[in-house]
Amino acid sequence: MEVIRFLFRNHTQVLELTLEHLWLVGLSTAFAMIIGIPLGITIAHWPRWNKPVLASANIIQTIPSLAFFGFLLPVPWLGARADRLAILALTLYALLPIIRNTYAGIRGVDAAVVEAARGMGLTESQLLFQVELPLAVSVILSGVRIAVVISVGLATIAAAIGAGGLGEFIFRGLAMVDNRVILAGAIPAAILALLADFGVGWLERQLRPR
């Protein structure tokens, strides 16, 4: 009850930090999709790039998030704006599931369907956009869903470098040793993660090939 009262009393700030959190997650996920989907398509068609691309994305995932933010702080243009730094870090963390699922989705398209499309005279670009991507879209969205949920959680840590978001309540609460303030950040972040998982999961099911 104390947490609910605190949320109602500070609803303006909760809304403001939630919007900041959504902005960080939304922008970083969009960038991760712009980079990750073409990379996944590339390694699906040219397997020799498979190991270096996936190894690089895996290495990024192994770096502790707070340490990664610290590594990026001295970079001149990024370090000047905490939100830029946070968006870059979240983008890099979101790449692995998107690349991996795009690769799996493209490679999972039935070879007979691909050969039939080629037999009908489709070019490689037509084959990609009219056959492979429509059949792989639900698998790709599954990777996007994982990336979004990861980003919602990691975006709370971005508050440690002053990037805003719901993590501000969590770090403030830890400093004050006040569970109400910690939960005021943790509960909305958890709700956002659940809503993102449900929303992207619903879209994934709708676009699954029948």
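Which residues have the most contacts inside the largest nonpolar core? In this predicted model, where local features need pLDDT of at least 70, side-chain atom pairs count only at pLDDT 80 or more, and totals for chains, interfaces and linings use all residues, they are Phe69, Ile99, Ile106 and Phe169, in a core of 51 residues. Numbering runs from 1 along each chain as its sequence is written, and side-chain values use heavy atoms, with hydrogens and water left out.

A nonpolar core here is a set of buried Ala, Val, Leu, Ile, Met, Phe, Trp, Tyr and Cys residues joined through side-chain atoms within 4.5 Å, buried being under 20% relative accessible area (1.4 Å probe, protein chains only). Helix 6 puts in the largest share, 13 residues. A second, separate core has six residues, including Val109 and Leu127.

Phe69 itself, neighbours within four places in sequence aside, touches Leu85, Ala86, Ala89, Leu154, Ile157, Ala158 and Ile161 (contact: heavy atoms within 4.5 Å).

Helix 8 isn't straight: it bends by about 55° at Val137, the angle between axes fitted to the seven residues ending there and the seven starting there.

Terms used
Buried means under 20% relative accessible area, exposed over 50%, partly exposed in between (1.4 Å probe, protein chains only). Helices (H or I, at least four residues) and strands (E, at least two) are DSSP runs, numbered from the N terminus.
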